[in-house]
Amino acid sequence: MLYYLFEYLYKTLNIPGTGVFQYITFRSGLAVILSLMISTIYGKKIIGFLRNQQVGETVRELGLQGQNEKAGTPTMGGLIIIIATLIPVLLLTKLNNIYIILLIVTTLWMGTIGFIDDYIKIFKKDKQGLKGIFKVIGQVGLGVIVGSVLYLHPGVTIRNEKLKTIEINRTENVISQAAPEIKSTATTIPFVKNNEFDYAQLLQWAGEGYENWAWIVFIPIVIFIITAVSNGANLTDGIDGLAAGTSAISVVALGLFTFVSGNIIFSSYLNIMYIPNSGEMTVFIAAFAGALIGFLWYNSYPAAVFMGDTGSLTIGGIIAVLAIAVRKELLIPLLCGIFLVENFSVVLQVSYFKWTKKRTGEGKRIFLMSPLHHHYQKKGYHESKIVTRFWIVGIILAILSIVTLKLR
């Protein structure tokens, strides 16, 4: 909203200084500051409200050190993240940008699913929460929406590196763009030199006109990614500060990707896919990162509030949509490696237990407990040490992801 106000003041009334709102970097800086202020200042009031409403966490007895101390801690703290993200986004972004619209829809959609799950757990006294089938239906529904919009909307385009020629006149600072903006389901393969891969190529066997059926591959892939990443974030949210901290690291790295991919000069220099209008997502990311860091003020050990599924499902959904929109979804196993390992540890644990029980009659386990962070708790590591080390691993993975911009 403020963007349009200052655009009017700058272009119509020509008021000096109002033109700074045209810059993504300026609005991103404001978004971080505003989201930090909202999450830290008003976060305390939201926690107080949740406590007064007796929205407390019911902790299952899992034999973990200090577990009983967490009982009664307010949950649904993901509301802090959602509010602190959306307010700066509504104020500072171009609200007619299709990527921003998709991210707002994702935030509200996944936040609603998580809120219903938390509500059932707390007020209906059902520890299972929302049935898994309904969660999956919600995630698939979002995947269909996101995949369809990215595939069909005319505002979602790329400029093909192989076709475009950019000439920069150093004297007049003029850029001429020869290649047109095209619709494409192309993505980026990390660590590969000629690293563009079009999902439509998987249908080449269908013969002439196979490109028209690319949605058959693209939309299911989007559904899978959104479901997997949101579930991974949900599983990671098990100890104080783990999910929020690792997510903030991944989100900041994605912010760099959106900024360079949406800038014609940087994308040309780095020889990466140029995605028109995607740079606006940087402002959303700045607000989201600020909200996550502000939430950590209250969620770090010992946590004064838990994010609940309201926060974890939202975080995973946003990260997935960001990666898909900027054509970096194949980097998710590296960038969100913590989510992947947490998810994989549960799959391994359950599969191995069932397999050994079927073969020997007695189920065996690979880990002392899953997800993986609980394994280290069982080994006697303090929560703070586990979280800090996971953060360090997350930073290393984020750096490796950023390196893929040049290392090919």
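The model is predicted.

Start with the charged contacts. The structure holds 7 salt bridges. One of them pairs the side chains of E7 and K11, with N to O at 3.3 Å. Both residues sit in helix α1, which spans residues 2–11. They are 4 residues apart there, so about one helical turn separates them. K11 counts as exposed because its relative accessibility is 57%, and the cut-off for that class is over 50%.

A second bridge has a longer reach along the chain. R27 and E280 form a salt bridge whose closest N and O atoms are 2.5 Å apart. R27 belongs to helix α2 (residues 24–52), while E280 is in the loop between α8 (264–270) and α9 (281–299), so the pair ties together parts that are 253 residues apart in sequence. R27 and E280 are both buried.

Next comes the bridge between D309 and K121. Here the closest N and O atoms are 3.6 Å apart. This pair, too, links distant parts of the chain: D309 lies in helix α10 (residues 308–325) and K121 in helix α4 (residues 98–123), 188 residues apart. How covered are D309 and K121, buried or partly exposed? D309 is buried, because its relative accessible area is 7%, and the limit for buried is under 20%. K121 has a relative accessibility of 29%, so K121 counts as partly exposed. D117, K121, K135 and D309 are linked in a network of salt bridges.

Now turn to the backbone. Most residues other than glycine have a negative phi, and most peptide bonds are trans. Some places in this model depart from that pattern. A cis peptide bond joins Y301 and P302, with omega at about -10°. P302 is in the loop between α9 and α10. Another cis bond runs from S370 to P371, with omega near 0°. P371 also has its place in a loop, the one between α12 and α13 (372–378).

Two residues stand out by phi. R327 is not a glycine, yet its phi is positive, at about 60°. R327 is in the loop between α10 and α11 (332–335). Its relative accessibility is 7%, so R327 counts as buried. F191 is not a glycine either, and has a positive phi of about 65°. F191 lies in the loop between β3 (186–188) and β4 (196–198). At 42% relative accessibility, F191 counts as partly exposed.

F191 is part of its lining, together with T188, I189, P190, N195, I272, K328, L331, T404, L405 and R408. That lining divides into 6 nonpolar, 3 polar and 2 charged residues.

The second largest cavity holds about 50 Å³ of space. Its lining is made of T246, S250, L335, C336, G337, I338, F339, G394 and L397. Helix α12 gives the most, with 3 residues. By type, this lining has 5 nonpolar residues, 4 polar and no charged.

With I395, I399, V403 and L407, F191 makes a nonpolar surface patch of about 440 Å². Residues need over 30% relative accessible area to join such a patch. I395 sits in helix α14 (residues 383–403). Its relative accessibility is 42%, so I395 counts as partly exposed.

One last stop is P220. P220 lies in helix α6, residues 215–236. At 42% relative accessibility, P220 counts as partly exposed. Its C-alpha atom is separated by 7.8 Å from that of V144, a residue 76 positions away along the chain.

Conventions. Residues are numbered from 1 along each chain as its sequence is written. This is a predicted model: local features need pLDDT of at least 70, side-chain atom pairs count only at pLDDT 80 or more; totals for chains, interfaces and linings use all residues. Side-chain values use heavy atoms; hydrogens and water are left out. Patches are made of residues with over 30% relative accessible area and no salt bridge: like charges are joined within 9 Å, nonpolar side chains (Val, Leu, Ile, Met, Phe, Trp, Tyr) within 5 Å. Accessible areas come from the Shrake-Rupley method with a 1.4 Å probe; for residues, only the protein chains shown count as cover. A salt bridge is a side-chain nitrogen of Lys or Arg within 4 Å of a carboxyl oxygen of Asp or Glu. Buried means under 20% relative accessible area, exposed over 50%, partly exposed in between (1.4 Å probe, protein chains only). On a 1 Å grid over the protein atoms alone, a cavity is a set of points where a 1.4 Å probe fits but cannot get out, and a pocket is an open set with protein on both sides within 12 Å along at least five of seven lines; lining residues have an atom within 4 Å of a point. Ala, Val, Leu, Ile, Met, Phe, Trp, Tyr, Cys and Pro count as nonpolar, Asp, Glu, Lys and Arg as charged, and the others, Gly among them, as polar. Grid points are joined across faces, edges and corners, and a volume is the space filled by probe spheres set on the points.
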